[in-house]
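User: Hi! Could you walk me through this one? I'd like to hop between topics as we go.

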Amino acid sequence: MDTKLKIGKYEFNSRFILGSGKFNIELIKSAIFEAEAEIITMAIRRANTSKDNILDFVPDNIKILPNTSGARNAQEALRIARLARELSGADMIKIEVIKDSKYLFPDNHETIKAVELLKQDGFIPMAYMYPDLSAARDMVSAGADAIMPLAAPIGTNKGLLTKDFIKILIDEIDVPIIVDAGLGRPSEAAYVMEMGADAVMANTAIATASDIKLMAKAFKLAIEAGRMAYISKLGKISEYAVASSPLTGFLD
Amino acid sequence: MIEIDKYYPDMEIIDSDIENLILNTIKDCDFDKYTNEDIDTALKKEYLDIEDFKALISPMGLMRLEDLAKCAKEKRERYFGKNVYFFTPLYISNYCENNCIYCGFNCKNNINRMKLDFEEIEKELIEIQKSGLEEILILTGESKKMSDVEYICNSIRIAKKYFKNIGVEIYPLNTDEYKLLHQAGADYVTVFQETYDKDVYEKKHQGGRKRIYPYRLNSQERAILGGLRGVAFGALLGLCDYRKDTLATASHIYYLQKKYPQIEYSVSIPRLRPTVADKTINPNDIDEKKLLQIMCAYRIFLPYINMTISTRESAVFRNNAVQIAATKISSGVSTGIGKHDETNTHKGDEQFEIADNRTTDEIYKTLKELNMQPVMNDYIYV
């Protein structure tokens, strides 16, 4: 029997989080009804509008996870988080601090500082980051309630480029690890869940599929399959042949 | 030192290598040498270099326009999804002290000059806001005397009451003046270099502060140093060899992005249009195919930048361009002064003629039908 995903004081049954950078109504509906997502991220900058606002399309029972997209340093992240709290009442915030318009890489150094500021201000900070163990440890010490390492540069659908480093985070970090950005296909989502990730976030892979509905469902099933495999503990894969007569048999 | 390089005493000189980098890039370009294979190489690369961009804007690139469009559309979707950002320009003054021989606002042109007072500006803004727009671009002619920095800052403060994202397209400023614009609430600054070819620049800009080439060219960098979040660029195609100017504009963005990766970059691709003073100006040297080629090349080379499609272009072209390469569209446009508020009897002439007169509502509906997602604002002032 699986446990719930716990982030700060909140609990979730679903381990799929919908990113909404590329959102349209069909994507949100598919995520909720086909993928059974319980959390949808929302860029506050994108919700700062009166026409076609993402908030108008999200049902009340879905948890909005505002992100600080647009912040280039810790102070800006804090200001955006506060606006998010005013706008939607949310206290769970995904920290995104990005100083690069080309690759959109998160700045781990500023993110650590942002985690500290947000925690002091009463938020439940979730840190989007480049998978670096030292940085992740510092984020947890600063109060991060989840670590969200990227699998590949955001929006690229390139898959698990940082697989080995994410595995290290899974092994060493005690708050939930949510793999965010870059996953291109359900099999990759299954893979990271099998590896022990606590949840998966996706946007582009579903948003750019020809059949959004079907792809949303495929992600849901893949995440569940991966999770089940993780809980049931995979049979050990041996890197070398197992000798039929044990080398240490002579000791008997 | 040639005359167009001589700064006025009050013009700030910053330590920058950008001009040299651009001029070296456009030196001795042979666009005819590029082959089908060069286009293939460029289209296959994830991150292109300047050499690839040259191939894309070459005559061979034009022969491969369909392939360029496919590649551009893919990159547009990856970086921007279906989003199309809306804005409209608000011209608040058309006084100008420059003598640019192609421009409707040229100080020697006999046009109706005027400048809106703050009450008139507020009325115009209220009218525009009714259309649902949330981003505004404030424009003036280039007269520091008639529209000084304080006047512009006050206009920005008024605009901030009604709009969430404010751009400014005015004469170039020093860093400390850009700081004032940002403090007043401006988010991004647009300066068109018009042409990067120094000889042509000298001939087309016969008088006024605009004649000083490097001061204009370094405007974006001063705006960045002044704290603006984004900067926008453009060459007015038709003044000079359009390939060379396109290459220069792209390299301007490319090198500044390397130096200031945290900034948001944006490009416009205006073609010369007829003006009140000169109806003979003909944009057809760069036809729509070539224009689309340039847009695709920008999208493929600099996939992360915003790209504005001007009302200089037809509705059909604009509808298609935003699906392939462009990300920003202006709507409900007037390039004259005081024309949004119908009760206003005090009006000034247009900078250029526009080809797409559609309202915000009309463009919004069309884009929805095309399965695109109109976005009125995707920005937060911090």
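**Salt bridges and the contact between chains**

Analyst: Happy to. Let's begin with B:Lys45, which is partly exposed because its relative accessible area is 29%. Keep in mind that this is a predicted model.

User: Which residue does the side chain of B:Lys45 meet in a salt bridge?

Analyst: The partner is B:Asp52, at 2.8 Å from N to O. B:Asp52 itself counts as buried, because its relative accessibility is 7%, and buried means under 20%.

User: Buried or exposed, where does B:Arg229 fall?

Analyst: B:Arg229 counts as buried, since its relative accessibility is 5%. B:Glu264 comes out as partly exposed, at 30% relative accessibility.

User: Which residues are linked with B:Arg229 and B:Glu264 in a network of salt bridges?

Analyst: A:Arg45 and B:Asp378 are linked with them in that network. The side chains of A:Arg45 and B:Asp378 meet in a salt bridge of their own, 3.2 Å from N to O. Between chain A and chain B the count is 2 salt bridges, and 7 residue pairs are in polar contact, both residues being at pLDDT 80 or more.

User: Nice, on to the contact itself then. How many residues does it take from each chain?

Analyst: Chain A gives 26 residues and chain B gives 31. The two chains bury about 2,800 Å² between them, with 46% of that on carbon and sulfur atoms. A:Arg45, A:Lys51 and A:Lys102 supply 24% of the area that chain A buries against chain B, more than any other three residues.

User: Which elements give two or more residues to the chain A side?

Analyst: On the side of chain A that touches chain B, those are helix H2 (44–47) and helix H3 (74–88) of chain A.

User: Changing topic: where does A:Arg227 lie, and what does it touch?

Analyst: A:Arg227 lies in helix H9 of chain A, residues 212–231. Leaving out residues up to four places away in sequence, A:Arg227 touches A:Asp2, A:Thr3, A:Arg15, A:Met193 and A:Ala197. A:Arg227 is buried, because its relative accessible area is 10%.

User: What span should H9(A) have at 1.5 Å a residue?

Analyst: Its 20 residues should span 28 Å, and the end C-alpha atoms are 29 Å apart, so the two agree.

User: And what caps the N-terminal end of H9(A)?

Analyst: That's A:Asp211, with a side-chain oxygen 3.3 Å from the backbone nitrogen of A:Lys213. After H9(A) comes A:Lys233, whose phi is positive, near 60°.

How values were computed
Residues numbered from 1 in each chain as written. Chains lettered and ligands numbered in written order. Predicted model: local features only at pLDDT ≥ 70, side-chain atom pairs only at ≥ 80, totals over all residues. Heavy atoms only, no water. Helix = DSSP H or I, 4+ residues; strand = E, 2+ residues; numbered from the N terminus. Buried < 20%, exposed > 50% of the residue type's maximum accessible area, 1.4 Å probe, protein only. Contact = heavy atoms within 4.5 Å. Expected span 1.5 Å × (residues − 1). Polar contact = N/O pair within 3.5 Å; in protein donor to acceptor, adjacent residues only side chain to side chain. Buried area = accessible area lost by both parts, 1.4 Å probe. Salt bridge = Lys/Arg side-chain N within 4 Å of Asp/Glu carboxyl O.
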